Amino acid sequence: MNMTDRKPNYGNWVSRKFIIIPLVLCLVMCTMVLVNILFSIPAIIFFVISFYFAYTRYLFSKKGKDIQTKIRNLVISNLVWNGEGNVLDIGCGSGALAISLAKRYEKAQITGIDDWGKQWEYSQALCEKNAEFENVPNRIEFKKASAADLPFDDERFDVVLSNLVFHEVGGVKDKTDLIREALRVLKKDGKFVFQDLFLWSRLYGRPEELLDTLRNWGIKDVKMINTSQMPFIPSSLKLPFMLGTISMIVGEK
């Protein structure tokens, strides 16, 4: 089969294990109903959980509402840039955002980093295969690295982007440290778009305070865009543990 006949695999943000595990527990509880009818209560709960994640997985997929792609495209659509220079995608996952950027900006050189933890079905090899399928392998480099300690010199990139990554980084008590590290490698007057659960106060505090913190760091023209209120996001995905606290921080260093 030719490379052009194959399709990239960008995965799904809802892992199958979130569907399979509660479904298995549901079946176990169903067998226990023969012992005690009260086991029907957890059986119903586990079934509802499995059904919910199956439905959300469908919504994220291309066969469903393709919300995963629409959310990713918001990052690109809020990037005001001439398309020339070096771009860093922090937490590139399956390479979807980095590859979309390479296809859109033909004069750009893209670097994608991720630690590709075991909890995700992504890898550096998958990113590289996807780049080949999309015919942009020469302008993208993927590296294994941590968002908490980027292996780049100060002011290395013209643009720094990140999509729903910072909240996943372990071992970092203050998530604003990840934003500071991302801005460290951004050039003066460089552009950035970060999308994460910035409306989750337990992680980031009040949105106004977060923006004030960035301004105190010398960041200019910074603003927050509430992604969770986008019309393409259905109410079923606006729960706090899904997309209910998602927003973007856009600005210039």
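First, my terms: helices (H or I, at least four residues) and strands (E, at least two) are DSSP runs, numbered from the N terminus. This is a predicted model, so I keep in mind that local features need pLDDT of at least 70 and side-chain atom pairs count only at pLDDT 80 or more, while totals for chains, interfaces and linings use all residues. Residues are numbered from 1 along each chain as its sequence is written, and side-chain values use heavy atoms, with hydrogens and water left out.

**Entry 1: pockets**

I worked on a 1 Å grid over the protein atoms alone: a pocket is an open set of points with protein on both sides within 12 Å along at least five of seven lines, a cavity is a set where a 1.4 Å probe fits but cannot get out, and lining residues have an atom within 4 Å of a point. Grid points are joined across faces, edges and corners, and a volume is the space filled by probe spheres set on the points.

The largest pocket comes out at about 1100 Å³. I found 41 residues in its lining, with Trp13, Trp120, Leu164, His167 and Glu168 nearest the centre. Helix H1 (17–32), helix H2 (40–60), H3, S1, H4 and S2 each supply at least two lining residues. For classes, Ala, Val, Leu, Ile, Met, Phe, Trp, Tyr, Cys and Pro count as nonpolar, Asp, Glu, Lys and Arg as charged, and the others, Gly among them, as polar. That gives 25 nonpolar, ten polar and six charged residues for the largest pocket.

The second largest pocket has a volume of about 600 Å³. Its lining divides into seven nonpolar, seven polar and ten charged residues, and H4 gives the most to it, with four. Pro8, Asn9, Tyr10, Gly11 and Lys62 lie nearest the centre of this pocket.

**Entry 2: cores**

Buried means under 20% relative accessible area, exposed over 50%, partly exposed in between (1.4 Å probe, protein chains only). A nonpolar core is a set of buried Ala, Val, Leu, Ile, Met, Phe, Trp, Tyr and Cys residues joined through side-chain atoms within 4.5 Å.

The largest nonpolar core has 31 residues, and Phe142 and Leu161 are among those with the most contacts inside it. H4 gives the most to this core, with six residues. A second, separate core has 30 residues, including Val169 and Phe198.

I also checked Phe142's contacts (heavy atoms within 4.5 Å). Beyond residues up to four places away in sequence, Phe142 touches Cys92, Trp116 and Cys127, among others.

Ser162 is in strand S4 (residues 157–163). Is Ser162 buried or exposed? Ser162 is buried, because its relative accessible area is 1%. Leaving aside neighbours within four places in sequence, its contacts are Asp89, Ile90, Val193, Phe194 and Gln195.

Ser77 is in helix H3 (residues 67–77). Its side chain reaches the backbone oxygen of Leu74 at 3.0 Å. I also noted that the C-alpha atoms of Ser77 and Lys238 are separated by 22 Å.

Key: A polar contact is a pair of N or O atoms within 3.5 Å; within protein, one must be able to donate a hydrogen and the other to accept it, and residues adjacent in sequence count only if both atoms are side-chain atoms.
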